[in-house]
Structure formats: structure tokens, C-alpha cells
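Work through these exercises on charged side chains. Keep the sequence and the 3D view open as you go.

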Amino acid sequence: MKHKKAGERFTTRDYLRFIIPSFIGILLFMVPVSYDGEISIPVALMASMVEEVLYDGLPVTMTVLLFIVAVVSTIVTYAKPKWIMKLDFMKSLFYVHPVWLFVRVIGFVLAAMTFWEIGPEWVWSVDTGGLLLFDLMPLLFTIFLFAGLFLPLLLNFGLLELLGTLLDKVMKPLFTLPGRSSIDCLASWMGDGTIGVLLTNNQYEQGFYTKREAAVIGTTFSVVSITFSIVILSYLDLDHLFIPYYLTIVVAGFVAALIIPRIPPLSRKPDSYMVERKNDDEPAREGESEFRQGVTKAVKRAKMNSGLGTTISSGVKNVFDMWFGVLPVVMALGTIAVIVAETTPVFEIIGMPFIPILQLLQVPEATEAAQTMVIGFADMFLPAVIGSGIESEMTRFIIACVSVTQLIYMSEIGGLLLASKLAVSFKDLVIIFLLRTIITLPIITAIAHLIF
């Protein structure tokens, strides 16, 4: 079988080079499966299985890894060994700005203090450093392992080219984004927000997204997974309300995704690329369907791959990039954020302005609920922990929905975004978090009044 397109001929082998890897990628990242009563995607499921098997050894592994990153980064950043500086990949891993070097060192120090229980308990307790080192870091380690290895199946064999062509007319007018960004959202929704950030950062570095587009996708479309949404709901004893709960999240999240890309700080990000990508797309033939255009682009992209070795190498580089570049930042910033939340009244004070807002919206137990509106910035699970003691089922429902639609959590997504190459600052994340809260809260409350 051959197809002629603008002077180029595609064989059956060419089509299979697009179809088979892309199909495997879809199965791994976007097809939900049920296991042990939980819904997840194969990549996240494999990660959780490996985490379960290796769990006892992962905290010490994380501590050693953070030590290696801190020491080697210090040597490379200040001594600049020639043999490392000549290797682009090694240089990108360890040659960092002094600020990020400091963050990497702090990440190791906090991990060591937590693992060996050194220093004050508020650093290493199960609610602070222990939450990061023993709960979140092992999960991220295994998710990065499998997501990084298999990402090339989604990115390098034409699937994004096909989806980008088909969905461009939907994504651009609605969300000011290219069609290919839809796959970032789907991977996050079915698997984990961290997978979405990994996808987005990879595409940004290759020149497929502008600074503005990448920032919008990372902060708006790296949504909380279905699995974690169910965990939040169960913890707040609201399992019987899953359908209205998830519909509320979808409606509120959709409205936020329409508004936030069109207002500062995201609207002010430049539409310039990190790297200029050669646009070698041939113009579509008159009367040709969008599907045919998409398939042609996809097959051409698949043909660009050099072989299995290149694909594996790309996957391994993804893994080390996330292990060495992201994990130290998450450990450092996440631990500090949770310590502030657990040991100081900062979030209680910041939450006070929400008391009259919640009272105006006629939310029961408004004073108790106010803190949960902002404490999620430190960690996504803290609103549920604090809100679990509230008697009003309606208020717990609102807390469950808001905590999921806020998206920016320093112990995970926030740390990942700051550690990535995306053009977002800590100040941006604070503003976006507050904007998402202000936009989604009235919508969620209005739906809650209808339900209750």
C-alpha cells in the first residue's frame, strides 16, 4: 500500500511506524484500567506496583540520589570540569544557576535530616519532611521512571501531530492553545499531573510550544488525576457523591481554563519559543480533510526516528532529567511549604479574607473552612486533612472540589513547574493559585447549593 502526498510516497511500513508506537503510547498513558478497585492508567499502575515492591529501599535511595546531585552539581557549577562541560546532556543535568544549586543542597539536607531524624521534629515528622521523603518522593521516583521511558511513544511517532491538526480549531478559540496540548491534559487526567508537566516541558524544550503556551498548559491543564480525586472524596467521607463531585470539578475547571489564559500573569507571557523549530510542514492540498493532513504530518514525524536505540536513549534521558533536576527541588520547596503550613499560623492568617466571602456565599462553618481555601498551596492533601473535621457535608463537598481545581501545590506540581524550563515564577504560581480559587469557588458553591 502506498499513498502519494505532495510528491512524497508512504509505504505500509511508514504507516506502521506511526500507528504501532502511538497505539502503545495511548494504551500506556490514556486508557484507564481498574486494578484492586482503583482506576488508573498503566504507567501510573506500573509505578505504584514498583513503588510497593521497592518501598522499603526507596527513601534511602532518594537520600543518596539527592546527595549525589548536590555534590556533583556543586563541583560542576564551580569547577567546570572540561569532560563534563563538553557533554551537553551531563552539562544540562549538573551545571545550574547558583540559586538552583542552593535549592539542590537544601533538598539533600532536608532529606538527610528526615531520613536519620536529625534536628527538630518539625523538620522530619510524618506531616512535614516525612510526608515528602516517605510518601511523595518514592511515588515521583517510580512515575518518572516509567513516564520518562515511555514518553517518546507519545511524543516522537506522530500522535501529537495528528491530534494537533484535528483539535487545533477547538483548542485555539477556547483555550488559546495548539491542538497538541490536549494530550497533556488527557495524560494528567487519566494518570497524574506530574506526567502532564513532564510532557509539557519536553514539548517546550523541543520548540513546539511558546513560553506563553507552555506556561498556560503547565498551570491549567496539568490537572489532578481521577485517582487522586477519588482519594480526596473518600477521605472526606463523600464517596456517595462521586458523580456530582466530578461533574462539579469538570465545570469549574473548564471555566477556569477559559478565563485564566486570557488574564495576567499568563496573558503577558511572550509568544516566543525557547528554541526555534524549523517549520517544514507542506501546505495542505485543496479539499483535503483535516484527518488526512494530520495523518500525513504524523507519518512524516514517525519517519524522522532513527530507530529503537534513539527512542530508548531519549526515554533514559527523560528519566535522569526528572530524577536529577526535579526531585531535589520538590524535596526542598515541598518540605519548606509543608513545614510553614503545619507549624505556623501563616495560612490561617492568609485564609481570613475568605471568611466573609464564604459567609456571603452561605457556606456553613465558614470560619473553619477558610483556612482550607489557601493551605492547599502547600500540599494538595492538607485541605482534606483539615476539612475532615467539619460537620457540614456541603462544606466538605466544597472543600473537596476547590482543593482539586486549585492545581498549584508546592509539594508536587508547583515544585515541578519551578524545576522545569517553563517560564513561570514563584510569584506567578501564587497569583494563579489565588485566581483559580477565586474563579472556581463561586461556581462550586452554586452547584453545592443545588445538590444540598
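**Exercise 1.** How many salt bridges does the count come to?

*Solution.* Start with the basis: this is a predicted model, where local features need pLDDT of at least 70, side-chain atom pairs count only at pLDDT 80 or more, and totals for chains, interfaces and linings use all residues. Residues are numbered from 1 along each chain as its sequence is written, and side-chain values use heavy atoms, with hydrogens and water left out. Next, the rule: a salt bridge is a side-chain nitrogen of Lys or Arg within 4 Å of a carboxyl oxygen of Asp or Glu. The count is seven.

**Exercise 2.** Describe the pair of glutamate 161 and arginine 301.

*Solution.* Take the distance: the closest N and O atoms are 4.0 Å apart. Now place the partners. Glutamate 161 sits in helix 9 (residues 159-175) and arginine 301 in helix 15 (residues 290-303), 140 residues apart. Helices are DSSP runs (H or I, at least four residues), numbered from the N terminus.

**Exercise 3.** Is lysine 169 buried or exposed?

*Solution.* Lysine 169 has a relative accessible area of 62%, so it is exposed. Its salt-bridge partner is glutamate 290, with the closest N and O atoms 2.8 Å apart. Glutamate 290 is partly exposed, at 27%.

**Exercise 4.** Which residue meets lysine 269 in a salt bridge?

*Solution.* The partner is aspartate 428, at 2.6 Å, N to O. Both lysine 269 and aspartate 428 are buried.

Note on methods
Helices (H or I, at least four residues) and strands (E, at least two) are DSSP runs, numbered from the N terminus. Buried means under 20% relative accessible area, exposed over 50%, partly exposed in between (1.4 Å probe, protein chains only).
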